Amino acid sequence: MSTPVIRDALQGIRAWLVAAVILLFPVATLLLERAATVALLLLALLGILFALTGEAARTPLSRDEKLLLFSVAFLVGVAILSYLLGDINYLGFKKLGRYLRFLLLIPIYLVVRRLPDGEAVWWSGLALGGIAAGLFSLYVMVMDSASTLHAELFHGITEPILFGYLSLAVAFMCVGGLEFFRRHSRWLVILPAAGFVFGCVAAFLSGVRGAWVAVPGLTVLLFWYLARERSPRSRWLMLAGLSALAVLAYVIPQTGVAERFNALCADIMNLIRGEPVAGLLSQRVELARIALVAFFRDPLFGAGVGGFA
């Protein structure tokens with residue numbers, strides 16, 4: 001589906017500025033701490049500025065677009081209501097600010113929809129983000145003398161756990177751009193395919209076991225998507241490639257994947273036997289128990305933003 005024609009599309013330096021921020025957003029978010037916050041704030045400010053200084057002939061929002069923007073405002077409204085009905089405290093007020101940031105999505109969307117060839121910028125940015133993350137992970141693996149990347153991953157550059165999750169998300173999102181690039185050239189399909197492969201490499205090498213756990217579920221969804229959009233050959237190539245990456249990451253000692261995977265299996269067996277488990281896995285089990293207690297205590301309105309902390 002082609003990008004719709006927008007009567008008040010951005011032109012000149014304004015279009016280039018917005019396109020540059022969107023194009024570099026995945027790369028900066030994956031490799032630089034707090035880069036996402038800076039980029040989103042910049043896009044929101046550009047959206048507000050261009051809205052105030054835009055042309056008179058504006059393209060009206062469609063019904064689906066209005067529903068999308070309403071859902072953002074509704075989410076923030078629910079968060080505010082939850083805070084007011086719960087325990088009003090300073091911690092809750094700080095956490096409420098995280099929900100208020102969702103309001104930035106409204107001016108961001110209003111400026112992004114006016115970007116000419118926005119689809120090309122979006123898919124290209126995702127592919128570059130996946131490739132950059134994978135190459136950076138391989139560089140760290142080669143240069144790091146430690147046996148695992150997890151403990152000393154990307155000193156002061158990015159947050160390792162978020163890096164693993166976001167790399168995996170970007171990798172699988174790149175698959176959505178296959179059809180767009182194929183319409184322009186068969187050779188351009190290499191770009192999202194490389195984004196998928198390198199993004200998965202980054203997720204595996206990050207050592208984030210939560211990202212590994214998500215791989216089977218995402219693979220099933222991707223298999224279903226390709227079953228609708230692509231040939232059986234594409235589905236099996238994707239599955240074979242992903243399996244090959246996982247096996248390579250496991251058998252190469254420098255990645256540290258085998259060590260962390262074996263530790264994960266041992267922790268799960270200890271939990272099944274009722275034995276104590278150290279580390280994040282036991283903390284997640286305890287957090288799940290606390291969440292259930294909080295839900296049954298107030299199933300209608302919840303504990304409130306900042307409540308049950």
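Which residue forms a salt bridge with arginine 183? I'll start there. This is a predicted model, and in it the partner of arginine 183 is glutamate 119, with the closest N and O atoms 3.9 Å apart. That counts as a salt bridge because the cut-off is 4 Å. The two residues come from distant parts of the chain, 64 residues apart. Arginine 183 belongs to helix 8, residues 178-184, and glutamate 119 to helix 6, residues 118-143. As for solvent, arginine 183 is partly exposed, at 40% relative accessible area.

Next, the neighbouring arginine. Arginine 182 pairs with glutamate 179, and here the closest N and O atoms are 2.5 Å apart. Both residues sit in helix 8, three residues apart, which is about one turn of the helix. Arginine 182 has a relative accessible area of 35% and glutamate 179 has 28%.

Arginine 63 and aspartate 64 join their side chains in a salt bridge, 3.5 Å from N to O. Are these two buried or exposed? Aspartate 64 is exposed, with a relative accessible area of 51%. Arginine 63 is exposed too, at 65%.

As background, side chains of opposite charge can pair when their charged atoms come close. Over the whole structure, the search finds four salt bridges. Those I have described include the link between helix 8 and helix 6 and the pair within helix 8.

How values were computed: Residues numbered from 1 in each chain as written. Predicted model: local features only at pLDDT ≥ 70, side-chain atom pairs only at ≥ 80, totals over all residues. Heavy atoms only, no water. Buried < 20%, exposed > 50% of the residue type's maximum accessible area, 1.4 Å probe, protein only. Helix = DSSP H or I, 4+ residues; strand = E, 2+ residues; numbered from the N terminus.
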